[in-house]
Amino acid sequence: MNLSLASEWKKRDLDGLLIPMYEEELSFEGLDIPMEQLLETKRFEGKVGSQYTVTRIEDGNFVNMVLLGLGKRGDIGYRKLLNVLADGFRTLKKQKVKKGAILFVGGSVVANDTYVKAAVEATIMGDYLFDEFKSKEEEEAEELSFAIVVEQPDRYASVFEEAEILATANLVARDLVNQPANVINSVTLAQRVEELGEENGFEVDIKGLEEIQALQMEAFLSVARASDIEPRLIVMRYKGDPDNEEILGYVGKGLTYDAGGLSIKSTTNMVTMKDDMGGSAAVIGAMCAIAEAKLKRNVVAVVAACENMISGSSYRPGDIIDSMGGKSIYIGNTDAEGRLTLIDAMHYIVTEENVTKVLDIATLTGAALHCTGNAASVAIGTDDQFYDDVNEAFYLSGEQIWRMPIFDEYKELIKHEEADLTNTAGKPGTITAGLFIGEFNGGLPWVHIDIAGTIWSTKEEGVLSKGGTGVAVRPLYYLAKA
Ligand code: BES
Ligand code: ZN
Ligand code: ZN
């Protein structure tokens, strides 16, 4: 898609128009649509998310005008706005429009930074479809061009640019998640990150098996051992403010496939487990945006990438293993592998990369779906200020997050009589899994985010496509920017 800002639209022989309107404020200059009639006959009242298509013939050509309701003036939040705009954009695409525009002029909805930003993000994200493995009958002849029409395009150049960076980074993450595990594994993921570092301007340091062994990452290595593909420790560094000692640390779960190990998953639960590197996709996407936007901030991200498979060298339920941080761990279930890879990545980032705050993000527990379903990512944290910053970052991007409590009772549950810790602490599973990782945060301000419920969409809806959602990419950018 060719997306641009423009001021005039009448002379551009457009074949599709998206015309946002507030509820009961149906007016538009320059197109003689009898708006009062629409209202009187209740065909279209501008209710939030409603659409009404009027087609007319101009110089022998079809022009589809999709009226798009934004609800009562002042009511719509950023999350809803994104989804309503994306759905409107998709309607035009389904109508096979090739030269479209959204009009923030002439009607009740007049351009501002928020609308322009939402229009850019909604169209780029709404345009995404993962179909690269399907044979194409023929190449589409004409590329879709889409204009965001505003009074003064120059005023919105930087808003446009930032929104484009963010939406593109979100799609980088969707693509990484959607690639099947026979394509994206620990080795190819590391290669892809090297390319992305090169393209966007962050440093990438890949550590192979021998270096991981030298670092004594025993927990990570135990999980990785059964796979024929070697693990990789992927370190990404962006120093936008080198004189500042503050470094924000991001750790992302990077299981390129999770079969469950000897505690094997059912086929139904296993089939989507290419998405178990969604946490790493989030931090990789965020690093792309942070570096591309040249934020004045230092950020280091670490991913311990491997697969959780089955072979004669699998780690076993009942094993007691070591970890880089020196704590011993009882293995109650080999399917609780994410936390084992994460604690070594966490210990590494805290001790070797000197971060001053740390956030980890992971498709960690099925129990996260029992907390908030697909509607929100689930979090715990030890530092109210840092959590508030994370919360604000999610809000800015239109994504939802919900904080769970850390009661003293839960802290007892991760202990074990034969080892320092157990990887199967029981209920509440999302909180105890997070607390297990928190044992290795070096006492720094820390937030843990579980995205098992939000990494994947079963529907094409609003800005989401089927499959990977790119969750948390834009929030992690805003957190770095704050
Ligand atoms: N990768 C899964 C969690 C998951 C579930 C992600 C559903 C996305 C969708 C994780 O490694 C896992 O298997 N967790 C277990 C932990 C249990 C064995 C303590 C779970 O949640 O059942
Ligand atoms: Zn698992
Ligand atoms: Zn997993």
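**Salt bridges**

I began with the salt bridges, and a search of the whole structure, a predicted model, turned up 32 of them. For my own reference, the term covers a side-chain nitrogen of Lys or Arg within 4 Å of a carboxyl oxygen of Asp or Glu.

A note on bookkeeping: residues are numbered from 1 along each chain as its sequence is written, while chains are lettered from A and ligands numbered from 1 in the order in which they are written. Since I am working with a predicted model, local features need pLDDT of at least 70, side-chain atom pairs count only at pLDDT 80 or more, totals for chains, interfaces and linings use all residues, and side-chain values use heavy atoms, with hydrogens and water left out.

I looked up Glu121 and Arg474 and found their side chains joined in a salt bridge, 2.9 Å from N to O. This pair ties together distant parts of the chain, with Glu121 in helix H3 (residues 113-126) and Arg474 in helix H15 (residues 473-481), 353 residues apart. Helices here are DSSP runs of H or I with at least four residues, strands are runs of E with at least two, and both are numbered from the N terminus.

Are these two residues buried or exposed? Glu121 is buried at a relative accessible area of 0%, and Arg474 is buried too, at 3%. I use buried for under 20% relative accessible area, exposed for over 50%, and partly exposed for in between (1.4 Å probe, protein chains only).

Next I checked Arg232 with Glu230, whose side chains form a salt bridge at 3.1 Å, N to O. Arg232 is buried at 18%, whereas Glu230 is partly exposed at 36%.

Then came Asp408 and Lys411, which meet in a salt bridge at 3.3 Å, N to O. They sit 3 residues apart in helix H13 (residues 408-413), so about one helical turn separates them. Asp408 is exposed at 54%, and Lys411 is partly exposed at 40%. I also noted one network, in which salt bridges with shared partners join Glu203, Asp205, Lys207, Arg237 and Glu353.

**The sheet**

How many strands form the open sheet, and in what order? I found 8, running S7-S8-S10-S9-S13-S17-S14-S15 with mixed pairing; two strands pair if DSSP finds at least two bridges between them. Strand S7 (203-207) and strand S15 (401-403) are the edges, each with a single partner strand, so one side of each has no neighbour in the sheet. The twist averages 20° from one strand to the next.

I zoomed in on strand S9 (residues 248-258) and strand S13 (residues 357-362), which pair in the parallel sense over 5 bridges. In this pair, Gly249 stands opposite Val358 in S13.

Helix H15, the one that holds Arg474, lies across S9, strand S10 (298-308) and S13, at about 165° to S9. That angle is taken between N-to-C directions on a scale from 0 to 180 degrees, with axes as lines fitted to C-alpha atoms, for helices over the stretch in contact; contact means heavy atoms within 4.5 Å.

**Ligand 1**

For polar contacts I took pairs of N or O atoms within 3.5 Å. A side-chain N or O atom of Asp276 is 2.9 Å from a nitrogen atom of ligand 1. Glu337 places a polar side-chain atom 2.9 Å from an oxygen atom of the ligand.

Terms used:
A polar contact is a pair of N or O atoms within 3.5 Å; within protein, one must be able to donate a hydrogen and the other to accept it, and residues adjacent in sequence count only if both atoms are side-chain atoms.
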